[in-house]
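Hi everyone, thanks for making the time. Let me put the structure up on the screen, and then I'll walk you through a few places in it.

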Amino acid sequence: MRKLVIAVAAVGVMGLALGCSKARTDESIATEIKASMFSDAQTKSANISVAVNHGTATLTGQVPDANTRYEAFKIAKETSGVVTVEDQMSLPQAPVKAAARPVEDAAPISKPAREPKYESRPKRQVASSPAADYPVRTLAGAQNSAPQQAAASQPGPVVNDAPAPAAAPDPAPPAPAAPAPPPVRQVSISAGTPIHIQMIDSVDSATNHAGDLFRASLALPIAVDGETIVPAGADVFVKLTNASSAGRMTGRSQLTLQLARLDFQGKSYTLASDDFQETGKSRGKRTAETVGVGAGVGAIIGGIIGGGKGAAIGAGVGGGGGAAAEAATKGQQVRIQAEAKLDFNLQQTVTVSYSPDQNNSRR
């Protein structure tokens, strides 16, 4: 009876300990997320606040770039006990340049210079000749030249040589009014939306590493309720989350990609998607066949030359030759070529701001 009581008490204590270990509070989940971000080199210096409520982790604060934002989202998503992640982080805003003020005042009209005054020359008065008072005999030629001399003594007309005043320049036309900014809308692209992309960069399991970013573009537009929100050709970035290269004898190469960022109409949006995996063929079976065939051929040759002992030596030499040939070829590497088309599904809703007029002009 005493042993039975002790056994029941032990089972109760173990159940209580097991229940306590499974139940996690929101505070402990938030503490673990903060510790993971502090241990990560990329998110350590970022000013990110973490709040957890019934398994929903909310991330707020400003991050320096999109890569840090994605890394923080991934850390919170992969923490045990987190059901969903609310991304409320923001990126630094670029300074807005002041718009140039339109020219409102026309150029001043210059006044014409005042016309200079010119005084007319005084007329010369011809004094009467004393001979006019007394009768004097003159020759006929002298009588004829008298009217000509009188006409020559009269002053001529006064000519004004002053230049005409310059015409006033036409006033400058007013500057055209700045066009009104296009309307901006906000649309949410829900989780589960398929995203079809076309690679611009190539990915190779032999040279690339986890964490590398690669350029791509939308192969098909993203539509919501039948309306195109993001047109085909928009810039997309994918991130290599796992890159394993096959060894010399066994193993297989594998590449795992996820959507990282969307650049659209001057803004960047962090994306969370499922994985796209590309796996090469395994080298283990072929390696065993190659080594086995080499050992068998070596044993036959050794047996012909030196009997049983020669067969053993030949088998060792042949097997070594087969292994060397297999090691020289290495494992089959995986490569995703440029222009390859990949398919993803969003795992987190993303809200984008866009102008329909810019989409139409892009076409």
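Before the first stop, one term: a polar contact here is a pair of N or O atoms within 3.5 Å, where one must be able to donate a hydrogen and the other to accept it. Keep in mind that this is a predicted model. With that cut-off, the side chain of Ser 253 makes a polar contact with the side chain of Gln 333, at 3.2 Å. Where does Ser 253 sit? You'll find Ser 253 in the loop between strand 10 (235-244) and strand 11 (254-264). Ser 253 counts as buried because its relative accessible area is 0%, and the cut-off for buried is under 20%.

Now, how far can we trust the coordinates? The average pLDDT for the protein is 73, and 57% of the residues score at least 70.

On to the nonpolar cores. The largest has 32 residues, and the members touching the most others are Ile 197, Met 199 and Leu 259. Several strands each supply at least two residues, including strand 4 (185-189), strand 5 (194-199) and strand 16. Which strand gives the most to this core? That's strand 11, with five residues. As for Met 199, its contacts beyond four places in sequence include Phe 214, Val 238, Ile 336 and Leu 342. Apart from this core lies another, of 19 residues, with Met 37, Val 52, Leu 59 and Val 82 among them.

Let's look at strand 16, residues 350-354, where we find Val 350. Val 350 counts as buried, because its relative accessibility is 10%. Val 350 and Ser 190 are 160 residues apart in sequence, yet their C-alpha atoms are 6.6 Å apart in space. Beyond its sequence neighbours, Val 350 is in contact with Val 187, Ser 188, Ile 189, Tyr 269, Thr 270 and Leu 271.

Last stop, helix 3, residues 66-78. Its 13 residues should span 18 Å at 1.5 Å a residue, and the end C-alpha atoms are 18 Å apart, so the two agree. At the start of helix 3, a side-chain oxygen of Asp 65 comes to within 3.3 Å of the backbone nitrogen of Asn 67. Among the buried residues of this helix are Arg 69, Tyr 70, Glu 71 and Phe 73.

Thanks, and I'm happy to take questions!

Conventions
Residues numbered from 1 in each chain as written. Predicted model: local features only at pLDDT ≥ 70, side-chain atom pairs only at ≥ 80, totals over all residues. Heavy atoms only, no water. pLDDT = per-residue confidence, 0-100. Helix = DSSP H or I, 4+ residues; strand = E, 2+ residues; numbered from the N terminus. Buried < 20%, exposed > 50% of the residue type's maximum accessible area, 1.4 Å probe, protein only. Contact = heavy atoms within 4.5 Å. Expected span 1.5 Å × (residues − 1). Core = buried A, V, L, I, M, F, W, Y, C linked by side-chain atoms within 4.5 Å.
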